[in-house]
Amino acid sequence: MDLSAINPILFIAGFLVAATPLIFAAIGELVVEKSGVLNLGVEGMMITGAICGFATAVETGSPMLGFVAAAVGGAALSLLFAFLTQITLANQVASGLALTLFGLGLSALLGQSYVGIKPPRLGDINFGPLADIPVIGPILFTHDIILYLGIALVAGVWAVLKFTRAGLILRAVGESHDAAHALGYKVVRIRTLAIMFGGACAGIGGAYISLIRVPQWTEGMTAGVGWIALALVVFASWKPWRLLLGAYLFGGITQLQLNLQGAGVAIPVEYLAMSPYVITIIVLVILSADKSAAPASLGRTFHASH
Amino acid sequence: MKLSALLTSAALALGLATAAAADDKTKVGFVYVGPVGDGGWTYEHNKGRLAVEEEFGDKVETVFVENVAEGPDSERVMTQMALDGADLIFTTSFGYMDPTINVAKKFPKVKFEHATGYKRADNVSTYSARFYEGRAIQGHIAGSMTESNIIGYIGSYPIPEVIRGINSAFIHARKVNPDVQFKIVWAYTWFDPAKEADAAKVLIEQGADVILQHTDSTAPQAAAQEAGNVITFGQASDMGQYAPHPRVSSIIDDWAPYYIARTKAVMDGTWESTDTWDGIGAGMVGIGEISDAVPAKVKEEALALKAALADGSYHAFTGPLNKQDGSAFLADGATADDGTLAGMNFYVEGIEGTIPQ
């Protein structure tokens, strides 16, 4: 065992990166679910965003344009889900699963000519002297802009949901779509916008994997992050800050267990491998003891005639 | 009465005729653990499938299902393939072993071929490649080239095939560099690019300047490229897009000749349950071009090692070797038999850490 082999600064900086795709996908899904829609297609939107972002970044040479394309790609795919569930009133669970399968297939098709290409690198933000502060500098001030954007997005979603009229309307639609409809709010339009927001966030999360975390394009490369994001929303009781905590816990413990394995710590590897899941669930379940419930209309189909 | 009997036999004859027509084509199914575009393990199996199509043209029909989880879900996929009329089914991952045996029991007329496992039946063959021969060459290059003396190894699951590879690489790295150490990380997945990249990054952060991988995607190659002065080896496929650096060589699985031979055997009716385990000599394991990033002398030695492994004059597990706990494994000059290799569940002396049980 050689714990000194683990560099805590690189470790923390590493898990901030590892958690970012999860944060994006989960915060987008949180908004979708707050509006009363259950979109199980996160994985499909992520992988579509991953290839849209990758292809655009490679073709234009600009990673930022790549992220924009990823958001557009994810949102475009989510429009399909919005059409199925909001216009044709299809079952949300089935439509979401179909969206994942479709996204995986579509991305494999789009990505055929991008295997083995190295994408342009998105540079870290230059914080000047801040990055030179011992310990804190390398941990907090040596990342790319998307990582900070993720944290800002969590704060933004929290503030909008809690303090603004728009947030109140969104929550009203999610709690009781009939009441919101009776008050004159356009339930379908609001939900469609929420779904598109979720798609855009998932797309950026996917592109973060293909452009920064790995960085390369491989078929099916999101490998289940979308499903973890879905679970995270539920375990975080639909609360943005808890979601951020959960994502960091999950990302942190995932990195920690790899580090411990590398350092040869004598804990059985099976326990290390399952620890991110177990610990994240336990912590979030304990936190959610305050009876915060799911949006009351979650997953229910709305039609104005009801 | 007569009329109905006539009709029945006519219908029967018609049915037989259709069945015969359908039987003209030999249907071959493939079950893959990852996507065909993984650039590694599944990619090579799929190349073998395409070679079967090319070889037999109209006489054969192939089907495949990708991203099939190991375990019960794979049973469903295999059952569906058998029901759809597959004559021969290749199940291409270790974790499909018990599901293959289970499904084979239900379809005695369908032939099954399970890759890298050890359970056979009258209609189940097993086949694998002696990847450990390639690992010996990797170990030699890795041990010669490392400057930090730390070699990172990304394992998938602690199964004999993977442990064999670790041992073989370690033995040959130690041979050229007595100070070399292995850091082994188990990813518990065959395919998860983000996790594989994370594992590679962690190993690099902990000082490794060589990364060996036994997972299927090219993500560790990308992570090594990003880090700069780290070398890697292509796994299962050449991964030549990362040559000449970080990827300095590779193990290439060439399944095509085997898949063609076995499909032919089913067509001819000569198929029998067998156990095939071929290495560099038979061409099932290929060594990808050793790039110029490798010093000429090391490259020469590696090629000599390859030649010796191919003609059988040298065995990758040749004594004297001890097990991790210090007990004797092989006496001086003795070589490991296939049974020991197939069930290998111990590290050789010098490797630190324990194998997850």
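**View 1. Strand pair E3 and E4 of chain B.** In this predicted model, B:Phe90 has B:Glu113 in E4(B) as its bridge partner. The two strands, E3 (residues 88–91) and E4 (residues 111–115) of chain B, run parallel and are joined by four bridges.

**View 2. The parallel sheet of chain B.** Six strands of chain B form an open sheet in the order E2-E1-E3-E4-E5-E11, with parallel pairing. Strand E2 (60–65) and strand E11 (275–278) of chain B are at the edges; each has a single partner strand, so one side of each lacks a neighbour in the sheet. On average, and with direction ignored, neighbouring strands of this sheet are turned by 15 degrees against each other. Helix H2 (residues 41–56) of chain B lies across E2 and strand E1 (26–31) of chain B, and runs at about 165 degrees to E2(B).

**View 3. The mixed sheet of chain B.** A further open sheet of six strands in chain B has the order E7-E6-E8-E9-E10-E12, and its pairing is mixed. Strand E7 (181–186) and strand E12 (285–288) of chain B are the edge strands, each pairing on one side only. From one strand to the next, the twist averages 20 degrees.

**View 4. Strands E6 and E8 of chain B with helix H7.** Strand E6 (residues 150–155) and strand E8 (residues 210–213) of chain B pair in the parallel sense over four bridges. In E8(B), B:Val210 is the bridge partner of B:Ile151. Helix H7 (residues 193–205) of chain B packs on the sheet and touches E6, E7 and E8 of chain B. The direction of H7 makes about 160 degrees with that of E6(B).

**View 5. Helices H3 and H4 of chain A.** The axes of helix H3 (residues 63–87) and helix H4 (residues 92–110) of chain A come within 10 Å and cross at roughly 155 degrees. Because this angle is over 145, H3(A) is roughly antiparallel to H4(A). The crossing of H3(A) and H4(A) is right-handed. H3(A) makes the contact through A:Leu77, A:Leu80, A:Phe81, A:Leu84 and A:Thr85, and H4(A) through A:Gln92, A:Ser95, A:Gly96, A:Leu99 and A:Gly103. By class, the contact of H3(A) with H4(A) has five nonpolar, five polar and no charged residues.

View 6. An unreviewed UniProt entry lists several residue ranges of chain A under "transmembrane region", among them 6–25 and 64–84. Residues 6–25 of chain A are 90% helix and 0% strand, with end C-alpha atoms 29 Å apart. Residues 64–84 of chain A are 100% helix and 0% strand, and their end C-alpha atoms lie 31 Å apart.

Methods
Residues numbered from 1 in each chain as written. Chains lettered and ligands numbered in written order. Predicted model: local features only at pLDDT ≥ 70, side-chain atom pairs only at ≥ 80, totals over all residues. Pairing = 2+ DSSP bridges. Axes fitted to C-alpha atoms, helices over the stretch in contact; angles between N-to-C directions. Contact = placed C-beta atoms within 7 Å. UniProt positions renumbered as here; feature names shortened; annotations may be inferred. Parallel < 35°, antiparallel > 145°, perpendicular 65-115°, else oblique. Left-handed = near helix turned anticlockwise from the far one by under 90°. Nonpolar A, V, L, I, M, F, W, Y, C, P; charged D, E, K, R; others polar.
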